[in-house]
Amino acid sequence: MVKARTLVLVSLALGLASVALAQQPVQIKFNRVVDLTIPIESNMPGIPGVKTYADNPSKVDVVTVITEAQKGQLQTEGMTLNSAVAVNGRSMISVLSILVHNGTHIDAPRHMMEKGAPIDQVPLGQLAKEGVLINLPNKGPSSVVTVKDIEDSGIELGPNRIPVIHTGFTEKTWGKPEFWTQMPYLEAGVGALMASKGVPAVAMDVFPEKPLWRGVKLDPGEVWVANHLALFEKGIPLIQFVTNLSQIGTSKFVLVALPLRIKGGDAGPARVVALVE
């Protein structure tokens, strides 16, 4: 039996990012930390056929290494070594380049709204709260997560818990061709449902809109990014492509999703974990 740890989370006053006003601390006991994050590496697969992804591949470029032996080890691990990598006898240093919507990341309202809040101003109190899984194990490849699915799950939506849509798809297929070619997606209207309940954030292991890149068509008059907009208009951040959700189990957990603090950014790569009781 693993001895429970106790973490004190200080919730932040919503609407303030630069100045955090502490409310009453809450003690959270947890036995496990589950990493829900896709590792960042070179050449992570982006949305097929989208020029922005094709023109901006992810890269973890190693520019210096300590020894030739370390250089060989990094090559064995599949790391990307700069063509002019230097053996300096002192330190390993790498340079990261990544499109901020690749892998596990958090979208800020600025992503789809001209005057939306940037990622560095999203209140962290919305991203460190009790989470709740919306388990949809029957949602297979190319399926649609509907408003009815969310309502039929019996999960109560509200301001005190972050809903996490769990199909298992990202966990099973990340790094495989079917990740993008068979990605499940949210029906238009799911974002509006979440926003109407005042949720602090929404996390998921599926795509939040119809996958137009594989030929799924919009209905007449349908706005492609309706789910994004419904959430962003209420200041609700979107936590995309979490993985390992099956490891949480049935215990209560706190979701902690912290984006890189990119000044003025539209999104940020994030380390997302579940603190499981």
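Q: Which residue in strand 5 stands opposite Val65?
A: Val87 stands opposite Val65. Keep in mind that this is a predicted model.

Q: What stands opposite Asp61 in strand 5?
A: Thr80 does.

Q: In which sense do strand 4 and strand 5 pair?
A: Parallel, over 4 bridges. Strand 4 covers residues 59–65.

Q: And how many bridges join strand 4 to strand 6?
A: There are 5, and those two strands run antiparallel. One example is Thr64, whose bridge partner in strand 6 is Ile93.

Q: OK, zoom out. What is the strand order in the sheet?
A: The order is 5-4-6, in an open sheet of 3 strands with mixed pairing. Strand 5 and strand 6 (93–97) are the edge strands, since each pairs on one side only. From one strand to the next, the twist averages 15°.

Q: How many residues of strand 4 are buried?
A: 5 of its 7, so strand 4 is mostly covered.

Q: What about helix 2, which strands does it lie across?
A: Helix 2 lies across strand 4 and strand 5. The helix runs at about 175° to strand 5.

Q: New topic: the surface. Which residues make the nonpolar patch?
A: Ile66, Met79 and Met92 make it, and the patch is about 200 Å².

Q: Where is Met79?
A: In the loop between helix 2 (68–76) and strand 5 (80–87).

Q: Why does Met79 count as partly exposed?
A: Because its relative accessibility is 30%. Partly exposed lies between the buried cut-off, under 20%, and the exposed one, over 50%.

Note on methods
Residues numbered from 1 in each chain as written. Predicted model: local features only at pLDDT ≥ 70, side-chain atom pairs only at ≥ 80, totals over all residues. Heavy atoms only, no water. Patch = residues over 30% accessible without salt bridge, like charges linked within 9 Å, V, L, I, M, F, W, Y side chains within 5 Å. Areas by Shrake-Rupley, 256 points an atom, 1.4 Å probe, with all protein chains shown as cover. Salt bridge = Lys/Arg side-chain N within 4 Å of Asp/Glu carboxyl O. Buried < 20%, exposed > 50% of the residue type's maximum accessible area, 1.4 Å probe, protein only. Pairing = 2+ DSSP bridges. Axes fitted to C-alpha atoms, helices over the stretch in contact; angles between N-to-C directions. Contact = heavy atoms within 4.5 Å.
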